[in-house]
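This briefing goes through a model by topic. Please read it alongside the sequence and coordinates.

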Amino acid sequence: MGKGVSFLLLALVLCYGVTVTMGYRGEKQWRKERERREEEMEPEEEEQEESESRKSWFLMPKSRPVMTTDAGEMRMVRSPGGRIVDKPLHMGFITMEPQSLFIPQYLDSSLILFVRTGEARVGCIYKDEMVERRLKIGDVYHIPAGSTFYILNPGEGQRLHIICSIDPSESLNLDTFQSFFIGGGTHPTSVLAGFGPETLSTAFNVSMSKLEEIMRGQQEGPIVHVTKSHAPSIWTKLSQLQEQDRLKQVKRMVQGEADEEEKEWSWWKLFGIFSGNERRIFGDKAPDSYNIYKRKADFKNDYGWSVAVDGSVYKPFKHSGTGVYLVNLTAGSMMAPHVNPRATEYGIVLRGTGRIQIVYPNGTLAMDARVREGDVFWVPRYFAFCQIASRSSPFEFFGFTTTSDKNRPQFLVGANSLLHTFNTPELAAAFGVTEERMRRFINAQKEAVILPSASAAPPDEDLKGREEKSEDEGPKVIRNFGDQMIMGFD
């Protein structure tokens, strides 16, 4: 017995030694191969490779479809990973055709919706109450993880475009996020379908035939048309009513006054939230949406303006741990180099073209990228960066921050910069110059936060050249984000 155990231990040790040796040799061989390639690479090629890498280091080019139907689609840009990401935050892009519905579901991640174009009706469960909000351009709205919701585009001729943050901090880590559809049929499948027919028949107090009609009726996917030609159902009729009339109709259904068609086909019944208590429907104390375009600018001068919405402005953000911002720079202007000490920043270019520069902690350039409408970027917490508008048009970008507290960016240049606050003999000594010279250097810029910068602004021809090049070489992120179909992947 003892010899057998000894032999087994010896075999394990030998196997471990072989594995380590092979791993070491493999790593050593990989390093030699990399060094060989670097030696063979011409200086111009090496410089070009490094330059191309810098241009797009913090751009997020890989967008993938999550849900696609005839009535709309949802695409997503996945959050970068790594130790420098203080909080992962995916970005989603929802497009819905006129008179379409993103069917009732709940997620394992929280959402913040921002309406870019169109109008939406968002219904959700808030403290066991059914509430609905009408969202318009510029509105932001928070949907907590686990809260059942739907999104309806009631417009007759206007597509709905929504940008959303997807916070996976409460997720199951099964994927970027997980949908649990309440409504559904054969596509998508409702979570109710997992229970046995007898269980559901008893739970809903309906016959097996009625249950079969409801559970297998939906085949159009997670985003469906609600026009009469596509879906002649009670939901279509409800969606076309005014809000008060729709709630009155729901009340009739709850109190048993509905006709036979309404009794047989009812999304609201699948929610299981109405028990005859009117206050659960009409006693609406849920938070409203918040319009970022109506908020007074936190900073404004002749060169642009910026707005931030955090938990102190919009209370639902306090629980989400996320904030939003919107910046508009006039042609040729610059958001001064600054640092976010409390949050990582995720953004998307809404309008115009420009340039983003990000700096590593060691003072070397991390990225110098020319960006245009639809490009998605991110800036790690503590990293210094600036945004510069092109010379011919305004530059507008929107995004999310990974804190619901006031971010309080620290500006490194300008009339309100850290250097002004820290203008001491020690600062002059740190730069190796006299105090007088340091003072003149700091006071040369009279503007703050948003600065004129015609010399640094990228010319439009460079961006045009990049656009022509990207047609052949690189994947697009999101294009034509105005009145046309967004996420224009050819």
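In which loop does Gln99 lie? Gln99 lies in the loop between strand S3 (90–96) and S4. The model is a predicted one, in which local features need pLDDT of at least 70, side-chain atom pairs count only at pLDDT 80 or more, and totals for chains, interfaces and linings use all residues. Residues are numbered from 1 along each chain as its sequence is written, and side-chain values use heavy atoms, with hydrogens and water left out.

**Chain and confidence**
- The chain has 14 helices and 25 strands; these are DSSP runs numbered from the N terminus (helices: H or I, at least four residues; strands: E, at least two).
- Buried residues (under 20% relative accessible area, against over 50% for exposed and in between for partly exposed; 1.4 Å probe, protein chains only) make up 47% of the 490 residues in the chain.
- Of the contacts (heavy atoms within 4.5 Å) between residues at least 6 apart in sequence, 74% join residues at least 24 apart.
- The average pLDDT (the predictor's confidence in each residue, from 0 to 100) is 78 for the chain, and 69% of the residues score at least 70.
- Over residues 7–46 the pLDDT stays under 50, and the model has three contacts beyond four places in sequence for this stretch.

**Second largest cavity**
- Two cavities of 30 Å³ or more are found in a search of the whole structure; a cavity is a set of points, on a 1 Å grid over the protein atoms alone, where a 1.4 Å probe fits but cannot get out.
- The second largest cavity holds about 50 Å³ of space, where a volume is the space filled by probe spheres set on the points, and grid points are joined across faces, edges and corners.
- The residues lining the second largest cavity (those with an atom within 4 Å of a point) are Met67, Met74, Ile94, Phe102, Gln105, Leu107, Leu111, Phe149, Ile151, Cys164, Phe177 and Ser179.
- Strand S4 (100–107) and strand S9 (149–153) each supply at least two residues of this lining, and S4 gives the most, with three.
- By class, the lining has ten nonpolar, two polar and no charged residues; Ala, Val, Leu, Ile, Met, Phe, Trp, Tyr, Cys and Pro count as nonpolar, Asp, Glu, Lys and Arg as charged, and the others, Gly among them, as polar.

**Two strand residues**
- Asp167 lies in strand S10 (residues 160–167) and counts as buried because its relative accessible area is 4%.
- The side chains of Asp167 and Lys87 make a polar contact at 3.2 Å; such a contact is a pair of N or O atoms within 3.5 Å, where within protein one must be able to donate a hydrogen and the other to accept it, and residues adjacent in sequence count only if both atoms are side-chain atoms.
- Beyond neighbours within four places in sequence, the contacts of Asp167 are Lys87, Pro88, Leu89, Ser109, Ser110, Ser320 and Thr322.
- Ala389, in strand S22 (residues 384–389), is buried, with a relative accessible area of 0%.
- Ala389 is 18 residues from Val371 in sequence, and their C-alpha atoms are 9.5 Å apart in space.

**Positive phi in loops**
- Gln99 is not a glycine, yet has a positive phi of about 55 degrees.
- Val449, also not a glycine, has a positive phi of about 65 degrees.
- Val449 sits in the loop between helix H13 (435–443) and strand S25 (450–452), and is buried at 7% relative accessibility.

Key
1 Å grid on protein atoms, 1.4 Å probe; cavity = no way out; pocket = protein on both sides within 12 Å on 5 of 7 lines; lining within 4 Å.
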